[in-house]
Amino acid sequence: RRLSAGGHLFKAEGGVFYNAFRNQIDLLLTGNGIEAVYFNLTESYTQGLESRFSWKYAHFSATAGLALTGRYNYLYETAGEEIDAFSYAPNAHVQIQHTWKKAGIHTAVFYKYTGAIQGFFQDGNGLILPTRIGDYHLLDANLRRRFWQERIDLTLGVKNLLNVRNVPLSGSSGAAHSGGSSSPVALGRNLFVNLQFHFSKK
């Protein structure tokens, strides 16, 4: 749905989804959670809700999204302990942008939240057990400037401003890995410079 008032433009939309997959490749954590191997899921399902919002006014714009995604637990039918058929995780993202036309500068900030998700862990005896991969936040920012009649495009930015590297793993009551285990999700904070040249034939 769109709504316009006083120069502000709003848009909102949402929906539900259900997906079924066959022979899906997933990651299986091993050891202390740092190492992982690929394994095949004969059947896999996801379901959930999602919504998206956007706002624009003058030189400002923003978008946001919320989702709740449930992943099927393939151990549900064979587990000896009580396990939910679907494990749900919330996700959210926000992006804010501003364009200063007079100076030719464009800035953007991007935030993403990933909720704790279901994973799988193989213990020392070869047993596959359910595990939970902890939630985390990511924040990026960049500044873009064009020069020489927009032939040169320079972008300066920082990725993973919060310097997130690892998130904790927690197992079920029968899991063999310790509560101090963690799993890598990002490389840590890093700065970047991007320089592009654009030449057009007349």
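This is a predicted model: local features need pLDDT of at least 70, side-chain atom pairs count only at pLDDT 80 or more; totals for chains, interfaces and linings use all residues.
Residues are numbered from 1 along each chain as its sequence is written, and side-chain values rest on heavy atoms, with hydrogens and water left out.

The chain contains 13 strands and 0 helices, where strands (E, at least two residues) and helices (H or I, at least four) are DSSP runs numbered from the N terminus. Of its 202 residues, 26% are classed as buried; buried denotes under 20% relative accessible area, exposed over 50%, and partly exposed the range in between (1.4 Å probe, protein chains only). Among contacts (heavy atoms within 4.5 Å) between residues at least 6 apart in sequence, 54% join residues at least 24 apart. The accessible area of the chain is about 13,200 Å², of which carbon and sulfur atoms supply 57%; areas were computed by the Shrake-Rupley method with a 1.4 Å probe, and for residues only the protein chains shown count as cover.

Side chains of opposite charge can pair when their charged atoms come close. Across the whole structure, 4 salt bridges were found, each defined as a side-chain nitrogen of Lys or Arg within 4 Å of a carboxyl oxygen of Asp or Glu. One of them joins Arg52 to Glu13 at 3.3 Å, N to O. Arg52 belongs to strand S3 (residues 35-57) and Glu13 to strand S2 (residues 8-30), so this pair ties together parts that are 39 residues apart in sequence. Arg52 also meets Glu50, at 3.6 Å. The relative accessible areas are 35% for Arg52, 36% for Glu13 and 33% for Glu50, and each of these residues is therefore partly exposed. A further salt bridge links Arg144 with Asp153, with the closest N and O atoms 2.8 Å apart. Here Arg144 is partly exposed at 29% relative accessibility, whereas Asp153 is buried at 5%. Through shared partners, Glu13, Glu50 and Arg52 form one salt-bridge network.

A pair of aromatic rings is described by the distance of the centres and the angle of the planes. Rings of Phe, Tyr and Trp (its six-membered ring) were paired if their centres lie within 6.5 Å, with planes under 30 degrees apart counted as stacked, over 60 as edge-to-face and the rest as tilted. Tyr45 and Tyr72 are arranged edge-to-face, 5.3 Å centre to centre with 85 degrees between the planes. The pair connects strand S3, which holds Tyr45, to strand S4 (residues 60-72), which holds Tyr72, across 27 residues. Tyr72 is buried, with 16% relative accessibility. Tyr72 also forms an edge-to-face pair with Phe86, at 5.6 Å and 65 degrees. Phe86 lies in strand S5 (residues 86-100), 14 residues from Tyr72, and both residues are buried. Tyr18, Tyr45, Tyr72, Phe86 and Tyr88 make up one aromatic cluster.

The charged end of Lys159 sits over the ring of Phe192, 5.4 Å from its centre; the criterion is NZ of Lys or CZ of Arg within 6 Å of the ring centre and within 35 degrees of the ring normal. On the surface, Phe147, Trp148, Leu195, Phe197 and Phe199 form a nonpolar patch with about 590 Å² of accessible area together. Patches consist of residues with over 30% relative accessible area and no salt bridge, with like charges joined within 9 Å and nonpolar side chains (Val, Leu, Ile, Met, Phe, Trp, Tyr) within 5 Å. Leu195 is located in strand S13 (residues 190-197) and is partly exposed, at 48% relative accessible area.
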